[in-house]
Amino acid sequence: MTGPQAVLVGPMGVGKSTVGRLLAGLLGVGFRDTDDDVEAVEGRTIAEIFGDEGEPGFRAIEKRAVHRALAEHDGVLALGGGAILDADTRTALVALRTVHLSMDVEEAVRRTGLDTARPRPLLAENPRERWQELMEARRHLYEGIATAVVATDGRPPEEVARAVLDAMDALDALDEIATDGTTHGRNPRVGGSGWSRPRRRAHAG
């Protein structure tokens, strides 16, 4: 399998960057965040890009950053919350180890309200209602591409990262059993991908 070992998707504020760095440490690989890539290439914050070019302009920039990262990065990759809105991006993610980090609205409002390091333009007004609207529009997209779903509500990032790793292990083991009926004693964290289609889905928490 080429591309990242794991791609983290999910709503804004769910902790993809924090969990991604921890997961990368557990796997002994590099970490990359496409929101960081966008800001580095553009020399502007995401809030500034939204203000200057609107959401369509931002999404075009984001799509380029995502596909560049998918082609270049072989570690853990975190995508912005709305990256999955693009059909080409979803098609690319279907063949990869894509983990959906989920949370409910109460957790989302708490986390995004506390996060002042990176303002979230889409939650500038009525954050609770707006977050619910976004999730209603996006939930089926996250679920449609996810190989595993990991709940983050009330869990520290370290626990979530371990749960993601456990889900990856479980899927690897299931796929190997489905292929030849034995795991050959292999540690599923090491070696081949084991993430063939049709995929099995793992839920953690």
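**Overall picture**

Keep in mind that this is a predicted model. The protein has 205 residues, and 46% of them count as buried. Its secondary structure amounts to seven helices and six strands. Reading from the N terminus, the order of elements is β-α-β-α-α-β-α-β-α-α-β-α-β. If you take the contacts between residues at least 6 apart in sequence, 72% of them join residues at least 24 apart.

**Two helix contacts**

Helix α3 turns up in both of the pairs below, once with α4 and once with α2.

| Pair | Angle between axes | Axis separation |
|---|---|---|
| α3 (residues 46-72) and α4 (residues 87-94) | about 20 degrees | 10 Å |
| α2 (residues 34-42) and α3 | roughly 115 degrees | within 9 Å |

Start with α3 and α4. Angles under 35 degrees count as roughly parallel, and with an angle of about 20 degrees these two helices are therefore roughly parallel to each other. Their crossing is left-handed. On the α3 side the contact uses K63, V66, H67 and L70, and these meet D88, T89, A92 and L93 of α4. Sorted by class, the residues of this contact come out as four nonpolar, two polar and two charged.

K63, one of the α3 residues in that contact, is worth a stop. K63 is partly exposed, with a relative accessible area of 27%. Leaving aside residues up to four places away in sequence, K63 touches D86, D88 and T89. There is also a C-alpha distance to note: K63 and I84 sit 21 residues apart along the chain, and their C-alpha atoms are separated by 9.3 Å.

Now for α2 and α3. The range for roughly perpendicular is 65 to 115 degrees, and α2 and α3 are therefore roughly perpendicular to each other. This crossing is right-handed. From α2, the residues T34, D35, D37, V38, E39, V41 and E42 take part, and their partners in α3 are I46, I49, F58, I61, E62, A65, V66, R68 and A69.

How many of the residues of β4 are buried? Five of the five are, so β4 is largely enclosed by the rest of the structure. In a regular strand the side chains alternate between the two faces of the sheet. Here T98, H100 and S102 point one way from β4, while V99 and L101 point the other way.

Strand β1 (residues 6-9) pairs with β4 in the parallel sense over three bridges, and V9 stands opposite H100. Strand β5 (residues 148-151) also pairs with β4 in the parallel sense, this time over four bridges. There, L101 has V150 as its bridge partner.

What about H100: is it buried or exposed? Its relative accessibility is 4%, and buried means under 20%, so H100 counts as buried. Not counting residues up to four places away in sequence, H100 touches V9, G10, P11, Y142, A146, A148, V149 and V150. That list includes V9, which stands opposite H100, and V150, the bridge partner of L101.

Note on methods:
Residues are numbered from 1 along each chain as its sequence is written. This is a predicted model: local features need pLDDT of at least 70, side-chain atom pairs count only at pLDDT 80 or more; totals for chains, interfaces and linings use all residues. Side-chain values use heavy atoms; hydrogens and water are left out. Axes are lines fitted to C-alpha atoms, for helices over the stretch in contact, and angles run from 0 to 180 degrees between N-to-C directions. Angles under 35 degrees count as roughly parallel, over 145 as roughly antiparallel, 65 to 115 as roughly perpendicular and the rest as oblique. A crossing is left-handed if the near helix is turned anticlockwise from the far one by less than a right angle, and right-handed if clockwise. Contact means heavy atoms within 4.5 Å. Ala, Val, Leu, Ile, Met, Phe, Trp, Tyr, Cys and Pro count as nonpolar, Asp, Glu, Lys and Arg as charged, and the others, Gly among them, as polar. Buried means under 20% relative accessible area, exposed over 50%, partly exposed in between (1.4 Å probe, protein chains only). Two strands pair if DSSP finds at least two bridges between them.
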